[in-house]
Amino acid sequence: MRSVEEIISIGEKWVYSKGWQLFDFQMRTWQAYLDGKNGLLNAPTGSGKTYALWIPAALEFLKEHDFGDVKSEVQILWVTPLRALAKDIRAAMQSFCDDLGLQWKIGLRTGDTSTNERQKQKRSAPQALVITPESIHILLSQSDYPNYFKNIRAVIVDEWHELIGTKRGVAVELALSRIKKLTAHKLKVWGISATVGNLPQAKRVLLGEDLNRSAVTIKADLDKKIVVESILPDEVERFPWSGYLGTKLLDKVLPVIRGSNTTLLFTNTRSQTELWYQAILDRAPDLAGIMAMHHGSMDQNIRMWVEDALHEGKLKLVVCTSSLDLGVDFRPVDTVIQIGGPKGVSRFRQRAGRSGHGPGEVSRIYFVPTHSLELIEGAALRDSINEEKFEQRKPLEKCMDVLVQYLTTLAVSGGFRPTEILREVKETHCFRKITDEEWHWALEFITTGGSTLSEYDEYARVYNDDGIYKIVSKKAALRHKLSIGTIVGDPAMNVRFISGGYLGTVEESFVSKLNPGETFWFAGQSLEFMMIRDMSVLVKKSKKKSGKTPAWGGGRLPLSSLLSDQIRMKLQASVEGRFESEELRKIKPILDLQAKMSIVPGTDTLLIEKCETDYGHHLFFFTFEGMFVHEVLGGLIAYRLSRNQKITFSISMNDYGFELLSDRKVAIREALKLDLFSEKDLFEDLNKSINMTEMAQRTFRDVATIAGLIFPGYPGKAIRAKHLQASSGVLYKVFNTYDKNNLLIKQSIDEVMNLQLDQSRFIEAIRRINKQKIVLKEVQKPTPFAFPILVNIVRRQKLSTEEVTDRILKMQRELERTFD
């Protein structure tokens with residue numbers, strides 16, 4: 001029996017033996033953990049937060065046991081959102097145990113874990129398991145899961161800020177509710193979060209009301225220095241447009257790469273990653289062999305090779321997406337480059353922390369704008385980080401699709417008693433307000449398929465066996481186990497060389513547009529499309545330098561509310577003549593021209609510009625609320641205008657504003673007098689202005705898949721996207737017609753309103769506009785603020801990339817000549 005002081009001393013000696021500093025927040029976390037507390041640790045990336053919790057979690061064993069007194073039982077679950085994180089964390093945890101002589105085995109359980117390794121873990125359980133949320137639920141689907149989890153002492157959820165506000169986070173909540181009741185010990189639950197704006201709520205959601213009452217929040221009191229530098233163009237185009245400037249700055253980006261030890265170059269989408277990799281390789285062929293690419297659609301073996309090479313310092317540059325966002329400790333990385341606006345401060349801060357990934361080290365990140373106006377975001381990001389302003393993550397509530405999947409998982413593993421599970425479920429934040437009616441609907445749904453599907457046996461997956469709900473059909477059980485998880489996307493197709501060899505996956509929607517013989521770029525290689533065979537895309541290498549780049553769903557990122565506010569404040573500063581940042585000074589010519597042609601709107605002004613071009617009559621609204629809000633706001637305003645005047649609009653938008661284009665003059669002054677932005681009948685008008693039914697139907701496909709209504713197919717035999725959409729469409733229409741109270745339909749509509757349309761933020765935007773002074777300017781030509789939206793007209797035409805660029809450059813030159 002060792003005292004807390006004795007085992008803390010063991011941890012201290014190990015830290016000092018590594019030549020590291022033991023920080024105050026780490027010691028406070030050790031003490032709180034060993035005192036039996038639950039909590040949330042908030043610490044910056046690269047501060048040693050992993051060891052802040054892993055060391056006391058492992059050392060607690062030594063309070064009552066000797067170093068070799070080890071049993072084959074899982075005692076600690078370390079939950080990680082990314083498979084790329086898992087390997088690195090496991091290695092750090094195992095290294096600590098090995099150094100101490102603590103004979104613990106640290107296991108790894110993710111979607112990449114082999115069947116052989118899973119069987120080994122079942123026969124001889126590791127003492128700690130690094131695991132993803134999906135893999136926890138797969139374990140819960142096994143008949144002996146109560147025995148497997150009965151000795152769990154602690155669950156530690158890493159990168160909680162990446163899970164809260166997602167269905168994966170809800171899955172973690174449900175798993176914790178079950179494990180709390182299974183373990184023979186008083187379970188400790190801890191979260192680790194680097195950046196989140198609503199810490200108290202994040203802690204409460206993770207721990208549940210029962211554990212949160214006496215829980216602690218520990219903040220690292222470290223001054224983590226982050227240096228943000230914008231890469232500035234020599235000259236700014238007075239009429240900027242998105243995407244054109246980025247790769248033009250390669251000559252300024254390459255010296256940064258060459259002057260660094262190892263650089264991570266982040267893009268916001270997988271398509272951008274492919275494009276930037278090609279561009280760098282074309283401009284700097286000497287980097288071939290010491291640069292690589294990393295994104296989630298590439299073959300796992302290739303990604304693992306890249307990660308290992310990063311660890312070993314063999315790579316000069318990796319072009320990547322969010323697949324390398326989180327907690328992976330790549331010590332050689334000393335520089336990060338962000339291409340284009342990251343759309344959120346937390347995301348930018350997280351990526352910055354990939355460099356200088358160690359206590360006391362400086363994190364350095366370069367911001368590369370894709371058009372000149374985006375430099376405003378660079379200045380806004382720096383100020384937000386310096387002021388430690390980060391976005392909040394709103395937790396989800398009543399995700400009935402996740403609940404239905406969870407109940408089916410418990411039914412597969414041997415069954416459950418509804419009264420017992422209801423008590424547990426109500427302890428989660430997501431389902432704390434679930435009603436008896438909603439609970440009984442969920443039970444009826446898994447047993448009969450609900451009132452409209454009760455005649456079809458395939459939907460009656462679960463049956464009530466004297467109060468125990470269980471699945472006995474092996475086929476139904478297998479299909480469910482293959483479908484566990486909440487990440488749903490367009491079905492992917494494997495990309496393989498016709499001569500053998502696997503590269504990764506592209507979405508079916510992209511492949512459907514390819515013809516045999518066409519070239520596309522993927523995983524950094526030029527590939528010629530040959531044929532489709534057994535849901536695989538067969539290719540061979542091509543020598544062509546040009547070709548299509550795959551596009552993946554979910555590529556658009558919404559501009560955060562916090563960053564929108566910061567951008568408006570930067571514009572207000574320019575209105576007041578304060579050009580304090582280098583970014584604002586650089587784009588001063590653009591702002592001066594905008595002021596000359598129209599005005600630069602401050603925080604208390606809504607600018608509307610009206611002009612006529614060869615394309616028609618334009619109205620530009622500059623609200624700076626982000627593309628998602630503008631998409632909805634544009635539809636609403638177009639609808640309200642059309643009520644007063646028979647007119648049709650096409651709508652374009654970017655993060656700074658939106659455009660309504662018509663072939664007729666718009667009576668905008670009269671419409672403004674009628675309170676165009678009124679909250680009266682807001683949602684009734686909104687439902688009429690956008691195709692809510694179509695949006696809800698698209699969302700329903702994902703909801704229905706998670707709930708088990710739609711089976712995406714067996715491994716290697718995925719069902720095609722159009723068939724999945726057709727199946728979900730039929731079900732949606734059936735429910736919408738004959739079962740309007742179906743909770744999955746209700747959830748789909750709620751998700752459209754709250755997640756896709758961001759209802760609360762939309763209302764906030766409307767209310768902000770109603771407090772602003774509306775300024776209508778009739779201009780002769782499109783202004784610098786309007787031009788980036790105007791060029792979307794060209795992008796919508798069926799032209800090649802080169803033709804689009806030439807057309808936009810011509811428009812730009814014509815406007816430039818007007819003011820030369």
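This is a predicted model: local features need pLDDT of at least 70, side-chain atom pairs count only at pLDDT 80 or more; totals for chains, interfaces and linings use all residues.
Residues are numbered from 1 along each chain as its sequence is written, and side-chain values use heavy atoms, with hydrogens and water left out.

Let me begin with the whole protein. Its secondary structure comes to 33 helices and 27 strands, where helices (H or I, at least four residues) and strands (E, at least two) are DSSP runs numbered from the N terminus. The radius of gyration is 28 Å, close to the 28 Å that the globule rule gives for 820 residues, so the protein is as compact as a globular protein of that length; the radius is taken over C-alpha atoms, and the rule is 2.2 Å times the number of residues to the power 0.38. Along the principal axes, the C-alpha atoms fill a box of roughly 85 × 65 × 60 Å.

Turning to burial, 59% of the 820 residues count as buried, meaning under 20% relative accessible area, with exposed set at over 50% and partly exposed in between (1.4 Å probe, protein chains only). Helix H14, residues 345-352, is mostly covered, with 7 of its 8 residues buried, among them Phe348, Arg349 and Arg351. His294, in strand E10 (residues 291-294), is also buried, at a relative accessible area of 1%.

What about the charged contacts? A salt bridge here is a side-chain nitrogen of Lys or Arg within 4 Å of a carboxyl oxygen of Asp or Glu, and by this rule the count comes to 46. In helix H2 (residues 24-34), Asp24 and Arg28 lie 4 residues apart, about one turn of the helix, and their side chains meet at 2.8 Å, N to O; Asp24 is partly exposed at 42%, and Arg28 is partly exposed at 32%.

Helix H21 (residues 561-575) holds Arg568 and Asp565, 3 residues apart, whose closest N and O atoms are 2.5 Å apart in a salt bridge. Which of these two partners is buried and which is partly exposed? Arg568 counts as buried, at 6% relative accessibility, whereas Asp565 is partly exposed, at 27%. Both belong to a network of salt bridges that also links Glu625, Arg761, Glu764 and Arg768.
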